[in-house]
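Please look through the sequence and the model shown here before reading on. The report after it is written for someone meeting structures of this kind as a student.

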Amino acid sequence: MISNEVGYNSKVEGEVIVTRADSVINWIRKHSVWPMPMGLACCAIELMASAASRYDISRFGMEVMRFSPRQSDCMIVAGTVTYKMAEVVRRIYDQMGDPKWVVAMGACASTGGMYRSYAVMQGVDNVVPVDVYVSGCPPRPEALLDAMMKLQGKIGNESSVKNLSKKPESTGVS
Amino acid sequence: MIDDDFVKALLEGRDFISVKHRVDCLTLDCLPDSLIGFCKHLRDDQTFDLLVDLTAVDHGEEADSRFQVVLHLYSLIHKSYVRLHVACPDNQSPSIPSISSVFPAANWHERETFDMFGIKFSDHPNLKRILMWDDYPYFPLRKEFPLAGIEVPLPAADVAEVTGADVDPAPMMGGPFVASGNGRMSEAEPRAKDESWTEESEKPL
């Protein structure tokens, strides 16, 4: 008899799953990304739209927006980063627990955008390490969702077990 | 109603003001020393009780009177504006009296004008920078200040130490940066008008 079952078969495999620790850890992490909305300008409006019912970021398991850096692991920098605000962005980033990721949402956060000016930092990657850049001014919610799925792909390929014993690169700013 | 009689009555006995023009609204030159008293008169006796805006103009380093503070007052009774021009007497350290005692709304406007132009408002209750950080050494809206900015350290020394970042002049190649506003969304992003030169290749002459 040909079995049509695919995937885990409890009759054949019992109650044991064999896999790699990295796969399990990454699978858990990437499906419960808790974003920290660093809303600095109009991109934050699109960020709110992605969380609302029409685009619904919770389809991808990342709807738990936390306004405390201590409870979140993905900072979405949505908007224009001025030099005065860059300090705050870095301090909040340092208050997030490891592992943590950063998404630069929109032209301003990625490169300074149209603000070639004395007051605007030309890209938030000057102060925090960015994992995914999103183009657009502002990006549509679909673009942000695509970026978050790209981030999930990146999280899925990390060497999480090795990283557990790795020393942090910088001591950070308190 | 702002008519000739109104202006004539306003000027009578006040040699510290003069009519500059009446193109869009009544525009008066006012001497700095008499500004507070005249603002009080406009507010209490002439119903110009709404301070709409307070800013300044930099006429350039060569100008006789370089900095000029501009006030817009509105009267809800007359339904019209009065504009006051106050020339700052000293080009090196410009200063005029603060009118925040007459119009409390002027408080932050004067702080912004101080932040951007370096004009001091004497007797201001809290004259410190409002947009740029406190240690910023320049006044960005002065004529000699470049739009791209001038290199200075980041406001927070510990962040600068960890990240190696500082305040750099912004790259200005290809500017201005405009969004075309039509066509496909992917092509309507703000971009440089002149993309023929970059940081690597020189601007063609």
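The model is a predicted one, which should be kept in mind throughout.

**A buried strand in chain A**

Strand β3 of chain A covers residues 101-105, and since five of its five residues are buried, it is largely enclosed by the rest of the structure. Trp101(A), Val103(A) and Met105(A) point one way from β3(A), whereas Val102(A) and Ala104(A) point the other way, and all are buried; to count as buried, a residue needs 20 or more other C-beta atoms within 10 Å of its own.

Strand β2 of chain A, residues 74-78, pairs with β3(A) in the parallel sense, and Ala78(A) stands opposite Met105(A) of β3(A). With helix α5 of chain A, residues 106-111, β3(A) and β4(A) form a right-handed β-α-β unit.

| Strand pair | Sense | Bridges |
|---|---|---|
| β2(A) and β3(A) | parallel | five bridges |
| β3(B) and β4(B) | antiparallel | eight bridges |

**Where the chains meet**

The contact between the chains takes 21 residues from chain A and 23 residues from chain B. On the side of chain A that touches chain B, helix α4(A) gives the most, with five residues, and the residues of this side divide into eight nonpolar, nine polar and four charged.

**The sheet and domains of chain B**

Chain B holds an open sheet of five strands in the order β1-β2-β5-β4-β3, with mixed pairing. Its edges are β1 (17-21) and β3 (50-58) of chain B, each of which has a single partner strand, so one side of each is left without a neighbour in the sheet. On average, and with direction ignored, neighbouring strands of this sheet are turned by 25 degrees against each other.

Helix α3 of chain B, residues 106-117, lies across β3 and β4 of chain B and runs at about 10 degrees to β3(B).

The domain assignment divides chain B into domain 1 (4-145) and domain 2 (151-197), and the C-alpha centres of these two domains of chain B lie 34 Å apart.

Key. Residues are numbered from 1 along each chain as its sequence is written. Chains are lettered from A and ligands numbered from 1 in the order in which they are written. This is a predicted model: local features need pLDDT of at least 70, side-chain atom pairs count only at pLDDT 80 or more; totals for chains, interfaces and linings use all residues. Domain bounds come from an automatic or database domain assignment. A residue is buried if 20 or more other C-beta atoms lie within 10 Å of its own, exposed if 12 or fewer, and partly exposed in between; C-beta atoms are placed from the backbone. Helices (H or I, at least four residues) and strands (E, at least two) are DSSP runs, numbered from the N terminus. Two strands pair if DSSP finds at least two bridges between them. A crossover is right-handed if, with the strands pointing away from the viewer, the path from the first strand over the helix to the second runs clockwise. Two residues are in contact if their C-beta atoms, placed from the backbone, lie within 7 Å. Ala, Val, Leu, Ile, Met, Phe, Trp, Tyr, Cys and Pro count as nonpolar, Asp, Glu, Lys and Arg as charged, and the others, Gly among them, as polar. Axes are lines fitted to C-alpha atoms, for helices over the stretch in contact, and angles run from 0 to 180 degrees between N-to-C directions.
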